[in-house]
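Thank you all for coming. Please have the structure open while I talk.

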Amino acid sequence: MTRRVRIGIFLPALAGLAALLVWAYTGIPAFGDYQGPYGFVVTKLATPLRHMDNAVNSVTYDIRGIDTMGEEFILFGAVIGVVLLLRGEEGRTEDVHDDTGSDLVRVFGTLAIGAVVLVGLWVVAFGFVTPGGGFQGGVAVASGALLLYLAAGYREWAAFGNESILDPIKGIGGGGYAVIGLAALVGGMPFLTNFFHGGVTGSVFSGGSAAFVNWSAGIEVAAALVILFSEFLEEYIVPLAKGS
Amino acid sequence: MIVATLVPLQAVALALVALGAPAVVLSRDPLKMIVVNGLYGLTLVLMFVIFGAPDVALSMLVVGTVAYPLVVLVAIARVRARSGEEEGEE
Amino acid sequence: MTWALPLPVVIPLIAAALCTAGDHVLPRRLGDAIGVVGAAGAFAFSLVILVASEEHTRLTWFGGWTPRGHAAIGIAFVADPLGAGVAALATGLALASMLYSWSFLRHAARPYDSLMLLFGGAMAGFALAGDIFNMFVWFELMGVAAYALAGFEIKHVGPIQGAINFAVSNTVGAYMILTGIALLYARTGALNLAQIGHSLAGHKPDGLVIVALTLLVCGFLIKAAIAPFHLWLADAHAVAPAPVCALFSGVMVVIGLLGVTRCYWTVFDASLAPQAHDVRAVLVALGIFTAVLGAVMAFLQRHLKRLLAYSTISHMGIALVAIALLDEKSLGGAASLLLAHGLLKASLFLCCGILLVRFDAIDELRLHGKGRALPLVGLMFGLGAIALAGVPYVGTYLGHAQIDEGATLDGIDWVQPLLMIAAGVSSAAILRAGARIFLGWGPARDPLLSPEPPESAPERSASMPALLAVTGTLLVLGLVVSVAPGLGQRIEQAAGRARDRIAYVDRVLRDHERPAPPRPPVAVEPTTTDSVLYGIGGTLIAVGLALAGLYRRRLPELVRAPLRSALGPPLQVLRLAHSGVVGDYVAWITVGTAVVGGLWALLLRG
Amino acid sequence: MSFLPYAVAAWVCLVGLYGIVTSRNLIHLALCLTVMQSSTYLLLLAIGYVKGGGPPIFKGVKLGTTSVDPVVQALTLTDIVVSVTVIALILALALDVHKQAGTVDPDEVREMSG
């Protein structure tokens with residue numbers, strides 16, 4: 001099929017789809033008139049029952065925790081897939097000499113890494129109190145690790161972004177989530193039951209066992225993304241090194 | 001009820017998103033693409049904040065400022081480098 | 001008992017995490033063992049759940065979030081026999097594929113095991129989920145694992161393109177499903193299937209409901225490879241390793257059809273029951289179109305995996321017709337058909353894997369006569385092919401017989417011969433390839449077939465007995481589906497329960513258990529004379545057309561010339577449509593969605 | 001006016017779909033997929049919006065204060081993670097295509113036809 005034929009059959013269909021979507025979306029209650037009940041039940045239950053301030057994360061890590069477990073494994077599987085696909089003929093190289101010369105960059109870079117990682121951990125820790133949680137904090141921690149490449153150079157990054165270190169961490173993060181769920185099952189409760197109901201609302205210690213789930217999600221996300229970044233960076237750097 | 005449920009700020013954010021989407025799709029130059037896509041991500045972040053979804057905004061922010069750009073930039077750089085080599089050889 | 005419900009999902013996921021975590025630490029053998037134990041555990045618990053679910057529908061609420069005041073809060077796994085049966089098929093085939101891979105891809109990187117475990121676990125999760133967004137999550141996990149497996153260890157541009165076509169088509173499908181979910185949530189404020197259905201019950205369908213139906217059904221039909229959403233499937237199969245193909249064809253496409261069935265009977269039937277015949281009309285038409293198109297395309301292939309993939313498409317069309325008839329008998333027929341088809345097709349793909357190991361080729365013409373060295377594989381290949389044609393009391397016959405009967409009860413008598421022809425033609429393609437490879441029949445050139453396929457990835461040497469054992473086991477199980485005493489009746493009972501929305505709502509939202517249904521008699525139910533005749537007809541078509549394909553040149557010119565001029569141009573158009581370009585595929589998906597939605601808009605609005 | 005968010009969602013979805021079908025560059029195609037997906041974020045959040053409602057985070061806010069629906073936000077979070085992973089996978093595949101074929105134009109590679 002030529003492009004012209006393709007677009008010729010596609011545009012009328014797109015118009016049809018547009019009509020269908022407009023027809024459907026006019027049936028949605030007017031903007032701002034959310035009728036519930038799901039959301040209202042959750043906001044009325046989340047805080048009193050679970051000592052959480054952040055209703056979104058009480059849904060994410062407790063009420064609909066199994067969704068998030070699936071989501072962690074989607075990330076887990078995708079990173080495995082990327083590693084499999086990009087692990088080509090090039091492999092790793094030791095011949096990269098892009099170490100940062102400037103001491104100033106190294107010092108401030110190290111400080112920045114510390115700061116970003118701390119912010120990431122903070123975002124994970126207070127996930128049940130303020131916006132944030134395992135995913136957002138995990139990405140922040142991974143981007144802190146990425147700064148290592150900018151501040152120090154590829155070799156130091158490669159030493160850290162090594163899969164023999166990161167794979168176990170990633171496995172523990174993803175598997176840990178499921179094992180916490182299983183712990184409840186072994187204790188005679190349904191899978192992923194939040195078993196420490198206590199805790200102090202508004203503090204790091206809120207959320208019961210969902211807090212552990214949150215932390216394992218954070219670990220999984222951070223490790224998975226560092227692997228992802230490192231695979232893509234290698235795609236970029238290794239051929240450069242070989243070319244020069 | 002139906003009138004003016006949308007505050008002006010929300011309308012502005014929505015308009016930005018509505019303009020951003022075709023801007024991403026119609027930018028065919030790789031580098032322009034990534035800049036436009038980054039801006040589109042920011043308009044989404046803005047919209048999430050205005051719609052009362054700070055958690056989602058934070059997610060989009062970390063994803064849009066770190067993960068997307070890195071991954072897409074590497075892909076573009078790689079494709080350019082290779083194409084450059086080939087042109088050089090020919 | 002309810003404690004076991006999450007295990008078919010959780011066990012393989014934990015095993016996958018362990019495999020990855022231990023990749024650099026554990027000895028190779030131990031890692032492999034963890035993988036196989038994980039897959040076996042998932043299968044064992046699926047069987048336990050299946051048996052238990054036949055008595056009562058089993059239910060668990062994750063996190064103990066039971067409904068408050070008949071409103072669901074948490075996410076439930078609901079095991080009815082149909083869902084549990086699909087979970088058992090998925091985890092069982094995943095186990096078989098992993099055992100086969102153990103010797104087949106011995107040098108494969110460890111991540112392969114992890115991906116297979118994720119794939120199997122996700123399919124089980126989809127089959128058991130009682131929450132529409134949770135279904136989406138498992139659907140995506142299944143997709144991500146499948147895209148990676150399709151692009152596994154390939155260093156050739158054709159294959160990678162196949163993986164891209166697969167990933168893009170299915171991702172577009174996933175967004176359509178998600179949009180449909182959002183629409184239902186906007187209307188009902190619920191994500192639990194029972195609760196959505198309960199909220200929709202008794203309301204006349206409007207634009208929102210009709211378009212939600214369209215988006216969900218079309219999204220799932222992309223996964224089920226129903227024309228015109230099917231174009232990615234042959235590409236994905238051409239590129240994936242044989243044991244992965246066995247899973248794709250054996251059960252991944254079935255997941256798409258299960259999605260349609262589940263959504264219709266728990267959600268949309270509540271609103272659409274009075275207009276069921278209009279829903280039926282559109283889906284039956286799609287199914288027939290797919291069944292015939294897939295069979296014809298299968299006949300035009302010489303790349304064995306593509307040939308088998310198109311035959312899968314044809315069978316998916318047959319199963320969609322059965323599901324679309326919307327009666328208990330036919331739905332049972334679809335389940336029986338898919339069970340037998342899944343086992344048989346998986347064993348056929350594993351036969352292909354053996355050919356690839358021995359001869360490093362997967363092309364019908366290049367393998368001409370070479371298969372004579374492998375008589376046992378030839379026998380298995382031939383039996384698998386003929387069992388797919390619907391020979392009375394063999395393989396897929398049970399499903400065909402149930403569909404025949406169901407359609408007759410609905411007062412429909414024209415679909416049965418069409419389904420017979422479709423099954424016959426696609427089996428003819430497999431038989432033709434088998435005869436050429438294992439018997440050396442027919443010429444070694446054939447201009448009718450598609451151009452030579454790109455080189456397949458070489459697959460490594462392996463221990464032949466292990467490969468044969470796995471392949472043979474699946475084949476035998478597939479062959480005996482039609483004569484397993486009591487199986488047909490039990491499947492029909494399962495189908496009946498999957499259709500019973502009121503009982504589902506009572507179970508999920510009100511925790512009210514129905515009394516256990518009576519055990520069906522343990523006997524092979526005789527089928528009608530019509531079914532036997534259709535079975536014989538299908539077999540004759542398969543054998544006759546296979547011979548005609550091989551010895552076409554010997555037919556008198558008087559017959560060949562008009563056939564050529566009649567069939568030539570349409571076949572040319574068909575080939576052009578299967579262009580291998582992802583933009584075309586997504587364009588056809590859009591066309592299909594717009595047409596299906598438009599038809600339903602006209603028919604259901606009334 | 002109250003229909004505007006949904007209209008934008010529909011528009012973004014269709015624009016993304018148009019981009020996917022007409023794309024001549026797999027990297028661009030991947031970005032178009034994210035555009036199409038962003039339509040689902042919009043749709044979900046618009047559905048769950050409550051007029052005058054604040055974010056569903058009750059730190060220092062009295063319990064029972066009107067807030068927007070937290071459930072759609074949780075769904076959107078999952079959706080965002082899914083989009084990152086799918087993009088990474090498709091870009092990895094695109095890089096492999098480029099390694100083998102020297103092009104990222106999906107129309108130039110036609111080995112899967114028939």
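Predicted model: local features only at pLDDT ≥ 70, side-chain atom pairs only at ≥ 80, totals over all residues.

Let me begin in chain C, where strand β1 (residues 58-61) and strand β2 pair in the antiparallel sense over four bridges; two strands pair here if DSSP finds at least two bridges between them, and the elements themselves are DSSP runs numbered from the N terminus, helices being H or I with at least four residues and strands E with at least two. As for the labels, residues are numbered from 1 along each chain as its sequence is written, and chains are lettered from A and ligands numbered from 1 in the order in which they are written.

Within that pair of strands, C:Arg58 has C:Ala79 of β2(C) as its bridge partner. In a regular strand the side chains alternate between the two faces of the sheet. In β2(C), residues 76-79, both faces are covered, with C:Ala76 and C:Val78 buried on one side and C:Phe77 and C:Ala79 buried on the other. By buried I mean that 20 or more other C-beta atoms lie within 10 Å of the residue's own, whereas exposed means 12 or fewer and partly exposed lies in between, with C-beta atoms placed from the backbone.

Two packed helices are described by the angle between their axes and the distance between the axes. Helix α13 (residues 328-359) and helix α17 (residues 464-480) of chain C pack at about 155 degrees with their axes 8 Å apart, where axes are lines fitted to C-alpha atoms, for helices over the stretch in contact, and angles run from 0 to 180 degrees between N-to-C directions. The two helices α13(C) and α17(C) are therefore roughly antiparallel, a term for angles over 145 degrees, with under 35 being roughly parallel, 65 to 115 roughly perpendicular and the rest oblique. Their crossing is left-handed, which is to say that the near helix is turned anticlockwise from the far one by less than a right angle, clockwise being right-handed. Among the residues that make this contact are C:Leu343, C:Leu350 and C:Ile354 of α13(C), together with C:Leu467, C:Val470 and C:Leu474 of α17(C). The residues of this contact divide into twelve nonpolar, four polar and no charged, counting Ala, Val, Leu, Ile, Met, Phe, Trp, Tyr, Cys and Pro as nonpolar, Asp, Glu, Lys and Arg as charged, and the others, Gly among them, as polar.

Some loops of chain C deserve a look at the backbone. The peptide bond from C:Ala227 to C:Pro228 is cis, with omega near 0 degrees, and C:Pro228 sits in the loop between α8 (207-224) and α9 (231-239). C:Asp360, in the loop between α13 and α14 (375-387) of chain C, has a positive phi of about 60 degrees although it is not a glycine, and with 12 C-beta neighbours inside 10 Å it counts as exposed. C:Tyr393, in the loop between α14 and α15 (397-409) of chain C, likewise has a positive phi, near 65 degrees, and with 17 C-beta neighbours inside 10 Å C:Tyr393 counts as partly exposed.

Now to the chains together. Which chains share the most contacts? Of the five pairs of chains in contact, it is A and C, two residues being in contact if their C-beta atoms, placed from the backbone, lie within 7 Å. That contact takes 59 residues from chain A and 64 residues from chain C, and the largest share of the chain A side, 14 residues, comes from α4(A). The chain A side divides into 36 nonpolar, 16 polar and seven charged residues.

Chain D meets chain C through 35 residues of chain D and 42 residues of chain C, with α3(D) giving the largest share of the chain D side, 13 residues. Chains B and C, by contrast, do not touch, their nearest C-alpha atoms being 14 Å apart. Chain B itself has three helices and zero strands, and buried residues make up 44% of its 90 residues.
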